[in-house]
Amino acid sequence: MAVTISIGSGKGGTGKTMILCNLALLLAKKGLKVCLVDLDIGGADAHLLFGLFEPKFSLTDFLTRRVESMDDALHTFYSFNGLQLLPGTGSTLQTANMTYQEKQRLLKGLSSLDADVVLIDVGAGTSYHSLDFFMYADVQICVTMPEPTSIMDFYNFLQLATIRKVLGSFLSNSQVSLLLKKQNFSSLSDVFALAENTEEGAREKAQQALHGFNPLLIINRNTENGKVNKAKLKKLVAKYLGIDIPSLGEIPEDLAINEALRAYMPVCELLPDAPSAVALMNIADKVEKIIELFQHYSNQPDIIERD
Ligand SMILES: Nc1ncnc2c1ncn2[C@@H]1O[C@H](COP(=O)(O)OP(=O)(O)O)[C@@H](O)[C@H]1O
Ligand SMILES: [Mg+2]
């Protein structure tokens, strides 16, 4: 079975696609069978980063059943170590308003992919689709930039993801679930408080649901003057969301990334000595270890730096 890794953040423009495309390539170079899936509905552009302008098939073809199996919609980049891509799709009603059945078929398609690792670009936003595809993966990566507004979006995204996870932990017909469904929560502590007031032991159950949810943090576009206080951010997330977010790495602001974008090539291929490429390679080394350990223990290991 493939290890699935998703990448998310509150808003677009944080570098998710750039990071995931480079990771996909670096993992393929290490000999892993990699499949990159572009679920960024409306903003799909991973194919462009590899210079593929008109994909023969895309996610739409799978969703509209023009192809029955997800495998048939994959594009193989022989010049990029056999890396495979399910190209994304423009915004259509079909995809934006996916039905429950379509979503189940998509998830089944993802789990049936013949790969060592499936990387999922869930795109921006906090729609239920984005959150569910983000949470579906075995391992989550979340990205923020150093600006306070980006950190706010990042925190908001993680808060909604944790709320969705907690709500999903209650059986759909339980008393707590029925009550929780009627509410529109914006804070995790409100969910815990209401759960506790409705049913004895519900708070513990809600907290238990977050056990093992440890999204890995990447800070992108770091500059000398604009660094995130990581310890403070982690403390805030631990205090209010009850989760630990281990660091996966930091990527500096780097003009090489735009140069690579204009050349339609991942920066790690075009300019491997660029500071951003070196940072991405360090991140890929850590991700490779996580995949190896995940395959062996199916538990997120404690090998990433904690500070
Ligand atoms: N570390 C960086 N340094 C310079 N430019 C970057 C960096 N990371 C991303 N970018 C640029 O920011 C833009 C948004 O990146 P993208 O990967 O498309 O974000 P997202 O997928 O989160 O919307 C792109 O033009 C990309 O080249
Ligand atoms: Mg993107």
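User: How are helix 7 and helix 11 oriented to each other, roughly parallel or roughly perpendicular?
Analyst: In this predicted model, helix 7 and helix 11 are roughly parallel to each other. Their axes cross at roughly 30°, and an angle under 35 degrees counts as roughly parallel. Helix 7 covers residues 148-168 and helix 11 covers residues 230-241, and the two axes come within 11 Å.

User: Which hand does the crossing of helix 7 and helix 11 have, left or right?
Analyst: The crossing of helix 7 and helix 11 is right-handed.

User: Which residues meet there, in helix 7 and in helix 11?
Analyst: Helix 7 contributes Ile151, Phe154, Tyr155, Leu158, Gln159 and Thr162. From helix 11 come Leu233, Leu236, Val237, Tyr240 and Leu241. By class, this contact has nine nonpolar and two polar residues, with no charged ones.

User: Why might residues three or four places apart in a helix point the same way?
Analyst: An α-helix has 3.6 residues a turn, so residues at that spacing face the same way.

User: What about helix 6 and helix 7: at what angle do they pack?
Analyst: Helix 6, residues 128-136, packs against helix 7 at an angle of about 75°, and the axes are 10 Å apart. That makes helix 6 roughly perpendicular to helix 7.

User: Which residues meet between helix 6 and helix 7?
Analyst: Tyr128, Leu131, Asp132, Phe134 and Met135 in helix 6 meet Phe157, Leu160, Ala161, Arg164 and Lys165 in helix 7. The contact of helix 6 with helix 7 has seven nonpolar and three charged residues, and no polar ones.

User: Changing topic to helix 1: is it mostly covered or mostly exposed?
Analyst: Helix 1 is mostly covered, with 13 of its 14 residues buried. Helix 1 runs over residues 16-29, and its end C-alpha atoms are 20 Å apart, which agrees with the 20 Å that its 14 residues should span at 1.5 Å a residue. Just after helix 1, Gly31 takes a positive phi of about 100°.

User: And Asn22, is that buried or exposed?
Analyst: Asn22 lies in helix 1 and is buried, because its relative accessible area is 1% and buried means under 20%. Leaving aside residues up to four places away in sequence, Asn22 touches Pro266, Val267, Cys268 and Leu280.

User: Last one: where is Arg66, and what does it touch?
Analyst: Arg66 is in the loop between helix 3 (59-63) and strand 3 (75-77). Arg66 counts as exposed, at 58% relative accessibility. Not counting residues up to four places away in sequence, Arg66 touches Phe57 and Asp61.

How values were computed. Residues numbered from 1 in each chain as written. Chains lettered and ligands numbered in written order. Predicted model: local features only at pLDDT ≥ 70, side-chain atom pairs only at ≥ 80, totals over all residues. Heavy atoms only, no water. Axes fitted to C-alpha atoms, helices over the stretch in contact; angles between N-to-C directions. Helix = DSSP H or I, 4+ residues; strand = E, 2+ residues; numbered from the N terminus. Parallel < 35°, antiparallel > 145°, perpendicular 65-115°, else oblique. Left-handed = near helix turned anticlockwise from the far one by under 90°. Contact = heavy atoms within 4.5 Å. Nonpolar A, V, L, I, M, F, W, Y, C, P; charged D, E, K, R; others polar. Expected span 1.5 Å × (residues − 1). Buried < 20%, exposed > 50% of the residue type's maximum accessible area, 1.4 Å probe, protein only.
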